[in-house]
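The sequence and the structure come first, and my entries follow.

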Amino acid sequence: MKIFRTRKQFLVFFMPGFLLGIIYVNFIARKYMAEPGIFSDYFLKQFQSAAVDAREYIWYLLRLRVVPFLALAGLSFTKARKVSAVMFLAWTGISAGILVSAAVLNMGIKGSLLCMVGLFPQFLLYVPAYVVLLWHCYAVSQPRWNRQKTVFVSLAMAVGVILEMYVNPILVKAFLSVI
């Protein structure tokens with residue numbers, strides 16, 4: 001099949017995970033989603049009035065964004081690179097499916113818009129960095145990792161973390177003040 005020789009193959013592994021996340025929220029964890037959580041009015045109002053401490057938030061972001069990236073990068077130089085890429089894509093799909101489904105279940109269309117605002121603008125940099133790394137992991141004939149790729153993914157991840165730290169809270173708070 002031709003799709004397994006292109007970068008579109010990532011969707012083959014991401015989308016079933018996304019569907020599993022949706023199924024999980026709607027059929028298995030539905031009663032847990034009805035309880036107050038991060039998409040409750042109370043939590044969103046608390047977030048809107050909270051001040052983000054950059055010194056604490058940077059460590060949280062580094063742990064949340066950079067550690068998985070470095071783990072995948074480390075696995076990309078082993079024999080488990082292809083399996084790790086597939087598992088990462090499936091896990092990312094499941095996580096995305098759960099997040100979007102929980103948001104829509106609790107807030108309706110506003111929840112899906114909140115998810116989009118919450119991912120912007122940092123994911124414009126995270127996604128290309130991960131695609132380069134995942135393609136390196138998944139490529140049949142192992143391409144050489146070079147300095148250009150290292151500089152690109154490092155800069156993309158660093159600028160993404162900075163955007164998520166300083167720009168994203170402002171955008172989310174502005175969106176919450178509108179809805």
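How many nonpolar, polar and charged residues does the lining of the largest pocket have, by class? I found 38 nonpolar, 8 polar and 3 charged residues there, where Ala, Val, Leu, Ile, Met, Phe, Trp, Tyr, Cys and Pro count as nonpolar, Asp, Glu, Lys and Arg as charged, and the others, Gly among them, as polar.

**Entry 1, ground rules.** I am working from a predicted model, in which local features need pLDDT of at least 70 and side-chain atom pairs count only at pLDDT 80 or more, while totals for chains, interfaces and linings use all residues. Residues are numbered from 1 along each chain as its sequence is written, and side-chain values use heavy atoms, with hydrogens and water left out.

I counted 9 helices and 0 strands in the protein chain, helices being DSSP runs of H or I with at least four residues and strands runs of E with at least two, numbered from the N terminus. The C-alpha trace spans about 50 × 40 × 20 Å along its principal axes. Of the 179 residues, 31% count as buried, a word I use for under 20% relative accessible area, with exposed meaning over 50% and partly exposed in between (1.4 Å probe, protein chains only). Taking contacts as heavy atoms within 4.5 Å, I noted that among those between residues at least 6 apart in sequence, 83% join residues at least 24 apart.

I looked up the volume of the largest pocket, which is about 1800 Å³. Of the 49 residues that line this pocket, Arg65, Leu99, Gly118, Leu119 and Phe123 are the closest to its centre. Helix H5 (residues 81–107) gives the most to the lining, with 11 residues. For the record, the search runs on a 1 Å grid over the protein atoms alone, and a pocket is an open set of points where a 1.4 Å probe fits, with protein on both sides within 12 Å along at least five of seven lines; lining residues have an atom within 4 Å of a point. Grid points are joined across faces, edges and corners, and the volume is the space filled by probe spheres set on them.

About 200 Å³ of space lies in the second largest pocket. Its lining includes Phe39, Asp41, Lys45, Asn106, Lys110 and Ile179, and the residues of that lining divide into 5 nonpolar, 3 polar and 3 charged. H3 gives the most to this lining, with 4 residues.

Is Glu164 buried or exposed? Glu164, which lies in helix H8 (residues 147–166), is buried, with a relative accessible area of 4%. The side chain of Glu164 makes a polar contact with the side chain of Arg65 (2.7 Å), where a polar contact is a pair of N or O atoms within 3.5 Å, one able to donate a hydrogen and the other to accept it within protein, and residues adjacent in sequence count only if both atoms are side-chain atoms. Leaving aside residues up to four places away in sequence, Glu164 also touches Tyr57, Leu61, Gln122, Tyr126 and Pro169, among others.

Pro121 lies in the loop between H6 and H7, and the peptide bond from Phe120 to Pro121 is cis, with omega near 0°.
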